[in-house]
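Student: I would like a close look at a single part of this model. Please keep it brisk.

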Amino acid sequence: MNFASRAAALDSLLQTYQAYWQFNIYHDNDPSHLEKYPTLLRFLQELNDEQVHVLQGDDAQLLRSIAPYFPAANEILALITLNTSPAQTATGEPPTAVPGRKWRQINAFIQAHNTITRPVLEWCSGKGYLSAAISQKFSLAATGLEIDALLVAAGNSRAVSDSANYQIKACDVLSECTSRYIEQDQHLLALHACGGLHQHMLRVAVAHQCQQISLAPCCYHRYVEQYSSLSTQCKSSLLELTRDDLRTAVRQTRTARSGETLARRTLQAWHLGFRAILEQLGLNSDITLPSLPHSWSKRSFSEFCLELVERKKLCISLPSQFAEFESIGWQRLQRVERVDLVRMAFRRAIELRCVLDNVLFLEEHGYQCVLSVFCAPQLSPRNLLIQARKSLGQ
């Protein structure tokens with residue numbers, strides 16, 4: 001299946017089942033649209049906590065598990081299955097101060113390429129770990145673009161101490177300053193550049209006719225007000241993706257630490273408990289509630305409720321039975337986590353649709369593209385890699 005056909009098939013599927021992936025059980029307590037799949041609901045309700053946790057982090061296993069009760073899962077699985085880059089070889093210990101997981105992601109990204117021969121320009125480079133690794137491995141000059149002055153200074157200090165052939169330039173990649181550094185005969189790279197940042201990168205690369213591009217996208221909802229398609233095919237589609245839809249695309253718990261998972265679940269349960277309080281008071285329990293940082297999970301449920309009342313400027317008197325409503329919140333979380341697996345079944349399809357939009361845009365501008373999975377989801381769920389080369393004569 002070529003890219004255009006796969007994108008069209010994903011569009012058709014996502015439009016047909018839009019009610020299932022746009023429904024957020026955390027905000028709406030009435031999943032009546034799922035009543036046509038009673039065996040699916042029964043299967044989900046019978047899952048234990050460990051099974052839920054596993055399925056939350058594994059797209060393929062989730063789809064295979066619900067397929068007997070939700071036939072669309074087979075179609076989703078077929079559409080999201082892509083070629084995987086060859087298994088990576090052992091990478092040894094990471095350089096000093098480079099996080100181990102980040103180092104393994106960098107090595108997987110590099111090993112997905114047969115070779116890199118052109119000077120490298122890295123988009124959103126941070127401290128330049130990727131630039132440094134490529135410069136060393138392929139004996140190439142590398143330049144990173146980064147907006148954070150502290151990361152720029154740290155990266156350049158590291159380059160001097162390593163006597164390496166790379167440098168980090170202070171640059172807001174959403175500004176015109178990129179034109180000072182981008183050249184036609186370059187290999188433009190980005191490992192986990194967020195939504196609006198990587199979309200702008202592709203526009204700039206096309207405008208400068210950059211010869212090679214390698215992009216592993218991430219966090220499609222960031223740096224965008226509303227998703228705007230790049231390719232002609234996707235622009236003409238009836239499918240419209242909101243920022244909430246783009247957040248669904250990256251809802252993955254596989255790489256979260258146990259402490260992070262507990263903090264996230266605690267705040268989710270407390271949100272549900274607070275909504276139960278609003279219900280008892282006869283208020284709209286579907287109102288948008290602010291998200292609080294994970295550090296709030298170390299406080300109490302009563303403090304959490306008081307903070308939400310303050311931030312939403314609600315003129316209410318909270319009941320005194322905080323323990324009771326906290327318990328209700330945890331009970332509701334048990335239920336909503338299971339129902340939400342239906343929405344999660346579409347997350348990779350939404351992500352792939354965004355990535356295919358990027359690929360089709362590049363093809364429209366004379367690039368030959370390869371799309372693959374460059375690392376295991378346990379290492380990073382954001383593991384899709386676009387490799388593009390400007391076609392001869394284009």
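In what order do the seven strands of the open sheet run?

Tutor: Bear in mind that this is a predicted model. The order is S3-S2-S1-S4-S5-S7-S6. The sheet is open, and its pairing is mixed. Strand S3 (166-170) and strand S6 (367-373) are the edge strands. Each has a single partner strand, so one side of each has no neighbour in the sheet. On average, neighbouring strands are turned by 15° against each other, direction ignored.

S6 pairs with strand S7 (residues 384-390). The sense is antiparallel, and the pairing runs over seven bridges. Within this region, Ser 372 stands opposite Leu 385 in S7.

Now the S3 end. Helix H8 (residues 129-138) lies across S3, strand S2 (142-146), strand S1 (120-123) and strand S4 (187-194). The helix runs at about 175° to S2.

Gln 105 has 8% relative accessibility. The cut-off for buried is under 20%, so Gln 105 counts as buried. A polar atom of the Gln 105 side chain lies 3.1 Å from the backbone oxygen of Leu 379. Leaving aside residues up to four places away in sequence, Gln 105 touches Leu 191, His 192, Phe 374, Leu 379 and Ser 380.

Methods
Residues numbered from 1 in each chain as written. Predicted model: local features only at pLDDT ≥ 70, side-chain atom pairs only at ≥ 80, totals over all residues. Heavy atoms only, no water. Pairing = 2+ DSSP bridges. Helix = DSSP H or I, 4+ residues; strand = E, 2+ residues; numbered from the N terminus. Axes fitted to C-alpha atoms, helices over the stretch in contact; angles between N-to-C directions. Contact = heavy atoms within 4.5 Å. Buried < 20%, exposed > 50% of the residue type's maximum accessible area, 1.4 Å probe, protein only. Polar contact = N/O pair within 3.5 Å; in protein donor to acceptor, adjacent residues only side chain to side chain.
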